[in-house]
Amino acid sequence: MKKLAVIGAGNMGRAIIGGVINSGLISAENIIVSDPFESCLECVMKDYAAKTTTDSKEAVKSADAVIFAVKPNVIGKILDDVKDVIDKEKIIISIAAATSIDAISEHIGSSNKIVRVMPNTPALVCEAMSALSPNENVTDEDLQYVLSIFNSFGKAEVVAESLMDSVVAVSGSSPAYVFMFIEAMADAAVLTGMPRAQAYKFAAQSVYGAAKMVLETGKHPAELKDMVCSPGGTTISAVETLESYGFRNAVIQGQLACAEKSIEMAKK
């Protein structure tokens, strides 16, 4: 069993740790977690009994695979600090947004195994959607191992790195749009008399159920929509009104703006 280091014990780092341990993929004794904040490490020790350290170099040195669960503004410095203990057999996994494989290679060298990953916040409830892009040094066996990590707390697929800006828009940032949609649905329910706590539950469960129908039936979303829209009924009236306010175009334009911002951030 490979030894895993997780650099960064924030929300996403802890979600990854919980996923691999709770799924039985990696045992706690084979995981070491590094973070500069003792309070974060205390949470890891309490919840998962994994090894912890404030020394990232110590964590990287002892691991076969390393996940850098850190923000893009600090990953460069951390990679510089630990590059001396990164050998060509270690699998380097980065979830730093807008940080390309080439940008990582500039710090640790182009001969290393690097996998760029874009997960999303539903990882916190084991329902993440993660995209993986490996470089040419990553073997099929390495890639399957990394996929198993991210599948342990959701779903994961391999994509070309050129699609990562699209991934940021359609899954990385999209939970925020969905939360806004749920909030708006609940507000409308409150406006028509429903208690707010109940409104959130009805709205959220409806979004969850609709998403599950798309994933499990294999039917086109338009076909599923048509199944709900009776002639002259309430649903088609709602759909017509949403379209009159540019519902779908607003979603498309929002995602395009998100992708463009991701491209812009990667250039800095």
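## Lys219 and Glu223

With a relative accessibility of 34%, Lys219 counts as partly exposed in this predicted model. Lys219 is joined by a salt bridge to Glu223, and the closest N and O atoms of the pair lie 3.5 Å apart. Glu223 likewise falls in the partly exposed class, at 40% relative accessibility.

Side chains of opposite charge can pair when their charged atoms come close. The salt bridge between Lys219 and Glu223 belongs to a structure that holds nine salt bridges.

## Arg248 and Glu243

A salt bridge also brings together the side chains of Arg248 and Glu243, with a distance of 2.2 Å from N to O. The two partners fall into separate accessibility classes, since Arg248 counts as exposed at 53% relative accessibility, whereas Glu243 counts as partly exposed at 33%.

## Lys261 and Glu264 in helix H12

Within helix H12, which covers residues 247–267, Lys261 and Glu264 are three residues apart and therefore separated by about one helical turn. These residues form a salt bridge in which the closest N and O atoms are 3.5 Å apart. Lys261 has a relative accessible area of 40% and is partly exposed, and Glu264, at 38% relative accessibility, is also counted as partly exposed.

## A network of three residues

Beyond these pairs, salt bridges link Glu89, Lys113 and Asp142 in a network.

Terms used: Residues are numbered from 1 along each chain as its sequence is written. This is a predicted model: local features need pLDDT of at least 70, side-chain atom pairs count only at pLDDT 80 or more; totals for chains, interfaces and linings use all residues. Side-chain values use heavy atoms; hydrogens and water are left out. A salt bridge is a side-chain nitrogen of Lys or Arg within 4 Å of a carboxyl oxygen of Asp or Glu. Buried means under 20% relative accessible area, exposed over 50%, partly exposed in between (1.4 Å probe, protein chains only). Helices (H or I, at least four residues) and strands (E, at least two) are DSSP runs, numbered from the N terminus.
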